[in-house]
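Please find below my notes on the model you sent. They are set out as numbered points, with cut-offs given where a term comes up.

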Amino acid sequence: MRLLLSAELLKLVKQSKTYYALGAILVIETLILITAYFQGSTILDLLLDNLKQSFYFEGSLLNGNLIMYIVLNSLWFNVPLILMIVTSGIVTDEYKDGTMQTVMLQAVKKWKFIAAKYMIAVFFTILVIGFMMLTTFVLAYSIFGSGDLVVYLNTLNFFEAEDAFHRICWAFASGAVSMVFYCVVSLTLAIFIKEAAKTWIAAALFLIITTLLLKVDFVVPALNNFFFPKLIDTWQQLFYYEPDWTQILINNAILLLYTLAFAAAGTFVFHKKDIG
């Protein structure tokens with residue numbers, strides 16, 4: 001397994017898609033920073049003009065914490081789509097190049113081979129989220145500084161700078177769980193479909209449907225509480241004034257179980273199906 005992981009890590013480092021993904025994250029962050037720099041103050045002034053007459057805000061509300069929160073919102077679609085495209089290529093590229101058949105001629109157990117790919121996909125996802133958090137922190141704080149955070153979730157919630165930063169850090173951690181789930185799903189889809197373009201379409205469709213189902217009331221309490229589309233926005237719950245930490249932990253734990261279930265399904269199908 002160690003040799004398989006080393007080989008998969010080497011492939012990840014050498015493939016250009018890895019760096020395109022990191023570059024895409026930087027482009028998204030840069031666009032957010034540029035927009036905030038030129039238009040952020042105007043938008044905040046319009047939103048909070050009346051409140052500023054009644055409350056005192058420490059520092060500028062257009063600050064690094066707000067920028068980091070805005071970047072976090074790219075976890076809804078942009079970032080998972082990029083990650084799903086890259087991680088699905090871990091499998092589809094080998095089908096396309098014919099290297100899958102060559103590897104299977106060696107003394108390699110199929111379940112170990114595909115398990116190594118899942119592990120590398122998870123590692124890559126966590127790496128990207130860590131890269132995203134670090135670069136956003138450096139850029140946002142160096143340009144906009146620190147300050148109190150204002151977030152609109154049903155109502156306006158205000159957090160002091162230190163509290164806001166801690167919530168943002170935990171939100172990135174929770175968001176990483178959601179991104180790992182999406183990447184494991186995309187890898188499983190690649191095992192079923194094999195072709196890159198079709199897998200990308202299926203992954204994008206899965207992402208869109210999951211996002212739409214997030215807003216659907218399933219009536220049945222168990223589905224509303226534990227169906228995976230209802231769990232992908234758990235990171236957002238950290239920005240309620242009094243977050244339910246127990247529920248946040250439960251949601252992330254259940255989402256990890258869904259992740260393991262998709263990985264198990266993909267491993268089982270890969271082990272049983274003909275590689276050719």
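**Notes on the model**

1. Basis. The model is predicted: local features need pLDDT of at least 70, side-chain atom pairs count only at pLDDT 80 or more, and totals for chains, interfaces and linings use all residues. Residues are numbered from 1 along each chain as its sequence is written, and side-chain values use heavy atoms, with hydrogens and water left out.

2. Overall fold. The chain has ten helices and two strands (DSSP runs numbered from the N terminus, H or I of at least four residues for helices, E of at least two for strands). In sequence order the pattern is α-α-α-α-α-α-β-β-α-α-α-α. Of the 276 residues in the chain, 46% are buried (buried is under 20% relative accessible area, exposed is over 50%, and partly exposed is in between, with a 1.4 Å probe and protein chains only). Among contacts with a separation of 6 or more, 79% are between residues 24 or more positions apart; a contact means heavy atoms within 4.5 Å.

3. Helix H3. This helix covers residues 64-72, and eight of its nine residues are buried. The buried ones are Gly64, Asn65, Leu66, Ile67, Met68, Tyr69, Val71 and Leu72. Asn63 caps the N-terminal end of H3, with a side-chain oxygen 3.0 Å from the backbone nitrogen of Asn65. 

4. Aromatic pairs. The structure holds 18 aromatic pairs (rings of Phe, Tyr and Trp, the last by its six-membered ring, with centres within 6.5 Å; planes under 30 degrees apart are stacked, over 60 edge-to-face, and the rest tilted). One of them joins Trp76 and Trp235, whose ring centres are 5.6 Å apart and whose planes meet at 55°, so the pair is tilted. Trp76 sits in the loop between H3 and helix H4 (78-97), and Trp235 in the loop between helix H9 (221-226) and helix H10 (245-272), 159 residues apart. Trp76 is partly exposed at 24% relative accessibility, whereas Trp235 is buried at 1%.

5. How are the rings of Trp170 and Trp245 arranged? Their centres are 6.2 Å apart and their planes are at 75°, so the pair is edge-to-face. Trp170 belongs to helix H7 (residues 161-193) and Trp245 to helix H10, so the pair ties together parts that are 75 residues apart in sequence. Trp170 is exposed, with a relative accessible area of 53%, while Trp245 is partly exposed at 40%.

6. Other ring features. Phe181, Tyr182, Phe206, Phe218, Phe227, Phe228, Tyr258 and Phe262 form one aromatic cluster. Separately, Lys110 lies over the face of Phe270, 5.8 Å from the ring centre; the criterion is NZ of Lys or CZ of Arg within 6 Å of the ring centre and within 35 degrees of the ring normal.

7. Cysteines. A search of the whole structure returns zero disulfides, where a disulfide is a pair of cysteine sulfur atoms within 2.5 Å. Cys169 is partly exposed at 24% relative accessibility. Cys183 is buried, with a relative accessible area of 1%.

8. Thr199. Leaving out residues up to four places away in sequence, Thr199 touches Ser88, Thr92, Ser186, Leu189, Ala190, Ile193 and Lys194. Thr199 and Ser88 are 111 residues apart in sequence, and their C-alpha atoms are 7.2 Å apart.

9. Gln15 lies in the loop between helix H1 (2-14) and helix H2 (16-52) and is buried at 17% relative accessible area. The side chains of Gln15 and Thr18 make a polar contact of 3.4 Å (N or O atoms within 3.5 Å; within protein, one must be able to donate a hydrogen and the other to accept it, and residues adjacent in sequence count only if both atoms are side-chain atoms). Beyond neighbours within four places in sequence, Gln15 is in contact with Val86 and Asp93. Thr267, in helix H10, is buried at 18%. Not counting residues up to four places away in sequence, Thr267 touches Trp111, Ile114 and Tyr118.
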